[in-house]
Amino acid sequence: MPTGLNHLTLAVADLDRAFVFYRDLLGATPRARWDSGAYLQIGPLWLCLSLDPAQTGTVAPHYSHIAFDCPATEFARQAERLRQAGVVEWRSNRSEGDSLYFLDPDGHKLELHVGDLASRLAACREQPYSGMQFFPD
């Protein structure tokens, strides 16, 4: 059985561009880099950037995305910093907790989010989604 998220690999068309984006805009810590990839760290997350000629930068039409934690005290500053850097926003926030939904240079859907599963469940208990069921711990 899985015990958690081990790592996340993103296919990138331009390794230099992706490396700078994740390091400089999202604050990822570089751990290793080679001709066709890089390992970075964001909090406990191991992020791999992998150069892939099949990466077209096309934005997927579905809702799948990667959400990164952001402390509430930092959200406004970080969101403004990303907007000033020219990130493309792909969705407006419709749920509990502050969120900024934006694209990376390869069209991966990302989110900067304030909150966690406990805060989301608490909000959902107040206003459940249609057909929502809750399970015991």
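Modeller: A residue counts as buried when its relative accessible area is under 20%; over 50% it is exposed, and in between it is partly exposed. Keep in mind that this is a predicted model.

The part I pick is helix H1, residues 15-25. Which residues of H1 are buried? They are Leu15, Ala18, Phe19, Phe21, Tyr22 and Leu25. Now look at their spacing. In an α-helix there are 3.6 residues a turn, so residues three or four places apart point the same way. Go back to the list with that in mind: Leu15, Ala18, Tyr22 and Leu25 are among the buried residues.

Next, take Tyr22, which is placed in H1. Its relative accessible area is 0%, so Tyr22 is buried. Tyr22 and Leu49 are 27 residues apart along the chain. Their C-alpha atoms are separated by 9.4 Å. Leu82 and Ala54 are 28 residues apart along the chain, and 27 Å separates their C-alpha atoms. Leu82 belongs to helix H2, residues 72-84. With a relative accessibility of 2%, Leu82 is buried.

Two side chains lead away from this region. Asp106 lies in the loop between strand S7 (99-103) and S8. Is Asp106 buried or exposed? Its relative accessibility is 1%, so Asp106 counts as buried.

The charged end of Arg33 sits over the ring of Phe19, 4.5 Å from the ring centre. Arg33 stands opposite Ala38 in S3. That takes us to a pair of strands. Strand S2 (residues 29-34) and strand S3 (residues 37-42) run antiparallel, joined by 5 bridges. Together S2 and S3 make a hairpin, with 2 residues between them.

The structure holds 5 aromatic pairs. In one of them, the ring centres of Trp34 and Tyr39 lie 4.7 Å apart and the planes meet at 65 degrees; planes over 60 degrees apart count as edge-to-face, so this pair is edge-to-face. Ring pairs also bring in Trp46, linking Trp34, Tyr39 and Trp46 into a cluster.

Four strands form an open sheet in the order S5-S8-S7-S6, with mixed pairing. Strand S5 (66-69) and strand S6 (89-91) are at the edges; each has a single partner strand, so one side of each has no neighbour in the sheet. On average, neighbouring strands here are turned by 35 degrees against each other, direction ignored. S5 pairs with strand S8 (residues 109-113) in the parallel sense, over 4 bridges. Within that pairing, Ala67 has Glu111 in S8 as its bridge partner. There is also a charge over a ring to find: the charged end of Arg91 sits over the ring of Tyr101, 5.8 Å from the ring centre.

Last, step back to the whole chain. It has 3 helices and 8 strands. From the N terminus on, the elements run β-α-β-β-β-β-α-β-β-β-α. The C-alpha atoms fill a box of roughly 50 × 40 × 30 Å along the principal axes. Of the 137 residues, 32% count as buried. An unreviewed UniProt entry lists residues 4-115 as "domain: VOC". That span is 21% helix and 37% strand, and its end C-alpha atoms lie 18 Å apart.

Conventions: Residues are numbered from 1 along each chain as its sequence is written. This is a predicted model: local features need pLDDT of at least 70, side-chain atom pairs count only at pLDDT 80 or more; totals for chains, interfaces and linings use all residues. Side-chain values use heavy atoms; hydrogens and water are left out. Two strands pair if DSSP finds at least two bridges between them. Axes are lines fitted to C-alpha atoms, for helices over the stretch in contact, and angles run from 0 to 180 degrees between N-to-C directions. UniProt positions are given in the numbering used here, feature names are shortened, and annotations may be inferred rather than shown by experiment. Buried means under 20% relative accessible area, exposed over 50%, partly exposed in between (1.4 Å probe, protein chains only). Rings of Phe, Tyr and Trp (its six-membered ring) pair if their centres lie within 6.5 Å; planes under 30 degrees apart count as stacked, over 60 as edge-to-face and the rest as tilted. A charge sits over a ring if NZ of Lys or CZ of Arg is within 6 Å of the ring centre and within 35 degrees of the ring normal.
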